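Start at the ligand, then step back to the whole chain.

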Amino acid sequence: MLSSVDALLGLLAGYLAWHLYSARRNKKRRLNFPLPPGPKGHVVIGNLLDLPAESQWLTLDRWFKDYGESANKSSVGDIVHVNVMGQHMVFLGSTRTSSLFFENKSAVYSDRPPMTMVLELMGWDFFLPGMRYGARWREQRRVFHEHFHRGVVSQYHPAFLHETHKLLLNLLTEPGSFLQHLRLAFTAMIMAATYGIEVQDRRDPYIAISDKAMEGISQAGVPGAFLVNYFPSMKHIPPWVPGAGFQGKALQWKKDAQEMLQKPMEAVKKALREGKGRPSIATKMLQELPPNRTEEHHERLIQDMGATAYGVSQTVSTAQVFIIAMAMHPQVQQRAQAELDKVVGLGRLPDFADRDSLPYINAIMKELTRWQPVLPVGFRLLAVPRASMADDVVNGYFIPEGSVVAACSWSILHDPEHYPHPEEFRPERFLREDGGLDPKVQDPNVAVFGYGRRICPGRHFSDRSLYLVVASILATFDIEPSLDQDGKLESLRPVMLSGLISHPAPFNCVVKPRTPFAADLIRKSCEESVY
Ligand code: HEM
């Protein structure tokens, strides 16, 4: 029997042989074209130690300036290459280059990297953002598009209104738990739209199921956390071999993912059998089996779509950024509240019909996603990097097949040419002098939701739900920094943690109703709210 030392030595020798072979093969393949510029790596491990565990976007931003291919060094460069243990990684620092790769050459750059731990061992092969390019992705993407495109998301407005009013009530009764209330509200919107399930409170079993599944993925999705992602053949090592603890972990996390896939679906089917099914994507799909699909396959598609939507939580992070931005910028809050008071008045809560008359609120939405993008660089699992499907040459640089290619939205959205003083939170940058939105300023959405064939299909859902939450909170609450021990206002600054999705480190602030009348309005709207 192999000892663990033998197994490790074997792996190391295999890795070195493969590394030498692929380095030589790449040299031959790339002919006269160089790899893109980037920091020089070390032997074997390449740039493994150069990419920090936290705030990688700042390191990348520096690399764009130091090595990026850009005529104008004061602006961000375009393209940087690193090599992490033989894995080529290419980072893109402008919308021009990102579009060149992901839109003009979408036939080559629409795949995702193979993440053996997550996709195979943990059974997350249902998860659309991580899915390899191919027939299953195409079919699942079609289903997703059908239920989340711009023309259909207004169907979910009643659920958005209901859950937003519940959020306001939660903020009124337990203001200190604002971060948890936001998480609950956005999960509840997804659950209502996809399954017609009304999530009750933070202790709801559906929240616990998603928390457990996401805990596994957040550990397994960290680059470098599991060697099996670099050496896929390790997946064959039996769990009893010393050092193969990843197999046991994968098995447990797979069970958690299965719960997330199956539990809501079982509940919808039961409700339908009992004649209690509420309108939702799953109920609608269960009632309409297309003639060319088996029932089993159809149910799997519904399950995969539901669990994917359930597992995506970027909107929550953006809403958390909103709270800290408001606490830091009272003058922005006051201007937004003045606009809301004028357009909506004090006697009702904001609605979707108000949006076109609220340019300042729309400018805040843009500035939130620009200032602290929650997917600042696409190389973690949920930040969804791409993988190249063939050898290619772009802008005179050789991009080997299998390279991880990621757009760095942080650098793109902090380019001073488009956004002067990019570190400042300033919604006014999106407005003309007459107060209307200025179409000449680059819309952050060019980078925030990705590109081409794999652009985020949930972007309209996310945008509408976030708009309602932002407008409704501003209409009814004041958000202020907390007082410190000496009674002075605490100074706040956004510390964005890397995690699976970038999110602000926990912070304190005070969320209080603007007036007693606003508190009454919330209670009344909640009593009347049905969906
Ligand atoms: C602030 C909120 C959100 C942000 C910033 C965001 C951003 C992104 C980005 C950057 C991608 C990768 C696109 C690419 O590869 O070019 C993506 C993919 C995806 N997003 Fe979103 N997203 C958000 C909310 C949502 C929501 C609410 C849903 C579901 C209802 C969703 C569903 C998806 C799916 C399914 C994919 C994978 C698409 C594919 O690989 O084909 N997203 N998102």
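Around the ligand sit 25 residues, of which Pro129, Gln314, Gly450, Cys456 and Gly458 come nearest. A residue is near a molecule here if its C-beta atom, placed from the backbone, lies within 6 Å of it. This is a predicted model: local features need pLDDT of at least 70, side-chain atom pairs count only at pLDDT 80 or more, and totals for chains, interfaces and linings use all residues. Residues are numbered from 1 along each chain as its sequence is written.

What is the shell around the ligand made of? It divides into 16 nonpolar, seven polar and two charged residues. Ala, Val, Leu, Ile, Met, Phe, Trp, Tyr, Cys and Pro count as nonpolar; Asp, Glu, Lys and Arg count as charged; the others, Gly among them, count as polar. Four helices each supply at least two residues of this shell: α5 (135-148), α11 (295-310), α12 (314-328) and α17 (459-476).

Now take Cys456. UniProt lists Cys456 for "binding site", in an unreviewed entry. UniProt positions follow the numbering used here, feature names are shortened, and annotations may be inferred rather than shown by experiment. Cys456 lies in the loop between α16 (445-448) and α17. The cut-offs are 20 or more other C-beta atoms within 10 Å for buried, 12 or fewer for exposed, and partly exposed in between, with C-beta atoms placed from the backbone. Leaving aside residues up to four places away in sequence, Cys456 touches Phe449 and Gly450. Contact means C-beta atoms, placed from the backbone, within 7 Å.

Step back to the whole protein. It has 18 helices and ten strands. These are DSSP runs, numbered from the N terminus: helices are H or I with at least four residues, strands are E with at least two. Of the 531 residues, 43% count as buried. Among contacts with a separation of 6 or more, 72% join residues 24 or more positions apart.

How far can the model be trusted? The mean pLDDT, the predictor's confidence in each residue from 0 to 100, is 89, and 91% of residues reach 70 or more. Over residues 1-9 the pLDDT is below 50, and this stretch has seven contacts beyond near neighbours in sequence. Residues 71-76 also have pLDDT below 50, with 13 such contacts. Where pLDDT is low, the predicted coordinates should not be read in detail. For the complex, the predictor gives an ipTM of 0.99 and a pTM of 0.91.

Methods
Two residues are in contact if their C-beta atoms, placed from the backbone, lie within 7 Å.
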